[in-house]
Amino acid sequence: MTQVIDLQHYDHGALPEGFRQMLIDVHADSYADAMDNEFNQKFPWFVDHWSEMTGFTCVIAFDGKQPTGFAYGAPLPPGREWWRNTDYAPNNGYTATFAVSEVMVRPQWRKQGIADQLHSALLHDRHENLAVLLVDVTHPKVQGLYETWGYEKAGEQRPFADSPLYAVMVKSLRRGSCAS
């Protein structure tokens, strides 16, 4: 496993100049073969949407000055958790949920453990009970990776009319907060 030289944390309200474009550039490199897909072309809107959310946090991995990947997300408002429309039921009312919106690593840095490092750093100090993420159902290897990180599939959903069908995956961040 390659050691990431530097993990930088960024939060809502304190984003550096060039932050947005850096994420867009990493995304364009990561999805270079699929940028003709209209949904992938909407990524700048998602960066704007998420980075404006209260509680937004992002971790970017750097190899020297080169960004290798990132992970970001934000707490979801009560009642808007992505698992709400599935059969998933958290134990004991523990429902505070952090949405992991993106975990992305540029192609030349993949398969070196960087995604795991980014994900772990993103969730390290979270106070929510649960983490939730969506993974395209046509990517079973990615879903399998998330399962090794402690996520379980709760159901499926298509959040936008033009989006892929996603597996909704949930992970407990606190003891006693997942369904038995």
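Predicted model: local features only at pLDDT ≥ 70, side-chain atom pairs only at ≥ 80, totals over all residues.
Biologist: Okay, why is Gln112 called buried?

Modeller: Buried means under 20% relative accessible area, exposed over 50%, and partly exposed in between (1.4 Å probe, protein chains only). Gln112 has 19%, so it counts as buried.

Biologist: And what makes Lys111 exposed?

Modeller: Its relative accessible area is 88%, so Lys111 gets the exposed label. Lys111 sits in the loop between β4 and α4, and its phi is near 65°, a positive value in a residue other than glycine. Gln112 lies in that loop between β4 (97-105) and α4 (114-123) too. Helices (H or I, at least four residues) and strands (E, at least two) are DSSP runs, numbered from the N terminus.

Biologist: What does the side chain of Gln112 reach?

Modeller: The backbone oxygen of Gln108, at 3.3 Å. A polar contact is a pair of N or O atoms within 3.5 Å; within protein, one must be able to donate a hydrogen and the other to accept it, and residues adjacent in sequence count only if both atoms are side-chain atoms.

Biologist: Which residues of helix α3 are buried, and why do they line one face?

Modeller: In α3 (residues 43-51) they are Phe43, Phe46, Val47, Trp50 and Ser51. Seen down the axis of α3, these buried residues fall within an arc of 115°, so they line one face of the helix. That arc is taken from the directions from the helix axis to the C-beta atoms.

Biologist: How do you know that β7 pairs with β5 and β6?

Modeller: Two strands pair if DSSP finds at least two bridges between them. Seven bridges join β5 (residues 130-136) to β7, running antiparallel, and five join β6 (residues 152-157) to β7, again antiparallel. For instance, Leu133 stands opposite Met169 in β7, while Glu156 stands opposite Ala167.

Biologist: What makes Ala167 buried?

Modeller: Its relative accessible area is 0%, so Ala167 is buried. Ala167 belongs to strand β7 (residues 166-172), where six of the seven residues are buried. Not counting residues up to four places away in sequence, Ala167 touches several residues, including Leu133, Val135 and Glu156; contact means heavy atoms within 4.5 Å.

Notes: Residues numbered from 1 in each chain as written. Heavy atoms only, no water.
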